Amino acid sequence: MFEHKVYELNYSKIKTYRECPLLYKYKYIEGKKDGLVPSSSLGVSLHRTLEEYHKNSNDASEIINYYNDCWLGAGYSSAAEQMEYYLKGKKMLEDYAQREYERKTTVDSTEREFIFEYGKWTFRGKIDRTDKLPDGGWEVIDYKTGPEFDETADIKQNLQMGIYAVGARRAWNMQKGKASIMYLALGKTISADFDAFNEDEILKTYIDVGQNIENLIFDANTNHCQNCAFNTRCPQSIVKKP
């Protein structure tokens with residue numbers, strides 16, 4: 001009988017399963033790939049740029065040089081579309097570098113991975129950026145590169161930032177600090193103190209999903225079809241095939 005043991009949990013797995021259990025099966029069990037599209041390709045370019053920029057420079061005049069070196073040209077349908085997204089990213093980075101002058105924090109690390117054990121489960125994650133605060137505390141930061149921003153969203157209910165706060169405490173012993181989302185396209189940052197996240201609830205949510213995966217519950221969620229990269233390949237999709 002087929003079994004799927006999932007002892008390692010991370011936010012990408014949880015997000016995918018909650019969007020559509022069948023999508024999880026395609027990606028993490030069958031190994032099917034969803035190709036790059038312009039928005040995801042730009043996101044990769046921007047994350048790579050900021051990683052290299054903060055590791056090597058922090059000189060605002062050099063950020064576009066890093067962008068050019070880190071630019072990923074895949075996922076675009078034409079040279080014109082690629083240039084359109086390149087210029088969007090360039091503007092984000094120029095504005096980002098300007099805002100950094102006003103911050104009072106020190107960049108401690110980029111793309112740092114945490115890992116901790118909880119019962120039979122291993123929790124793993126990689127945080128875009130970690131800053132040291134003037135008061136000795138810490139700030140863990142996730143970059144968002146898309147234009148989406150929900151004014152009503154409560155960061156304290158955000159499962160990604162929640163597990164980052166838990167991970168920073170459990171894996172790195174960062175007991176005092178805050179978790180922040182930086183919306184690069186909008187110039188907005190929202191934050192919540194580590195204490196604001198309900199650690200027990202966050203861990204339970206992740207483990208509940210992990211147990212569903214182990215129980216091979218892979219029903220399709222057709223509410224997600226419209227935005228799914230597999231919507232023309234999945235037999236359960238409600239999107240009309242071309």
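D142 counts as buried because its relative accessibility is 4%, and buried means under 20%. The model is predicted.

**D142 and its surroundings**

- D142 sits in strand 4, which covers residues 138-144.
- Beyond its neighbours within four places in sequence, D142 is in contact with D128, Q160, M161, Y164, S180, I181 and M182.
- One of these partners, Q160, also makes a polar contact with D142, side chain to side chain, at 3.4 Å.
- D219 lies 77 residues from D142 in sequence. In space, the C-alpha atoms of D142 and D219 are 30 Å apart.

**Helix 3**

- Helix 3 runs over residues 38-56.
- Helix 3 has 19 residues, so at 1.5 Å a residue it should span 27 Å. The C-alpha atoms at its ends are 27 Å apart, in agreement with that figure.
- Its buried residues are P38, S41, L42, G43, S45, L46, T49, L50, Y53 and H54.
- The cover over these buried residues includes two helices, helix 4 (63-70) and helix 5. Strand 2, strand 3 (121-132) and strand 4 are also among the covering elements.
- D142 belongs to strand 4, one of the elements that cover helix 3.
- After helix 3 comes N58, with a positive phi near 70 degrees.

**The second largest pocket**

- This pocket holds about 190 Å³ of space. It is lined by 13 residues, and Y53, H54, N58, E100 and Y101 are the closest to its centre.
- Helix 3, helix 5 (79-100) and strand 2 (106-118) each give the lining at least two residues.
- The lining comprises 5 nonpolar, 4 polar and 4 charged residues.

**The cavity**

- The structure has 1 cavity of 30 Å³ or more. The largest cavity contains about 100 Å³ of space.
- Its lining is made of 14 residues. Nearest its centre are C20, N221, C225, C228 and C234.
- By class, the cavity lining has 8 nonpolar residues, 6 polar residues and no charged ones. The second largest pocket, in turn, has 4 charged residues in its lining.

Notes
Residues numbered from 1 in each chain as written. Predicted model: local features only at pLDDT ≥ 70, side-chain atom pairs only at ≥ 80, totals over all residues. Heavy atoms only, no water. 1 Å grid on protein atoms, 1.4 Å probe; cavity = no way out; pocket = protein on both sides within 12 Å on 5 of 7 lines; lining within 4 Å. Points joined across faces, edges and corners; volume = space filled by probe spheres on them. Nonpolar A, V, L, I, M, F, W, Y, C, P; charged D, E, K, R; others polar. Helix = DSSP H or I, 4+ residues; strand = E, 2+ residues; numbered from the N terminus. Buried < 20%, exposed > 50% of the residue type's maximum accessible area, 1.4 Å probe, protein only. Contact = heavy atoms within 4.5 Å. Polar contact = N/O pair within 3.5 Å; in protein donor to acceptor, adjacent residues only side chain to side chain. Expected span 1.5 Å × (residues − 1).
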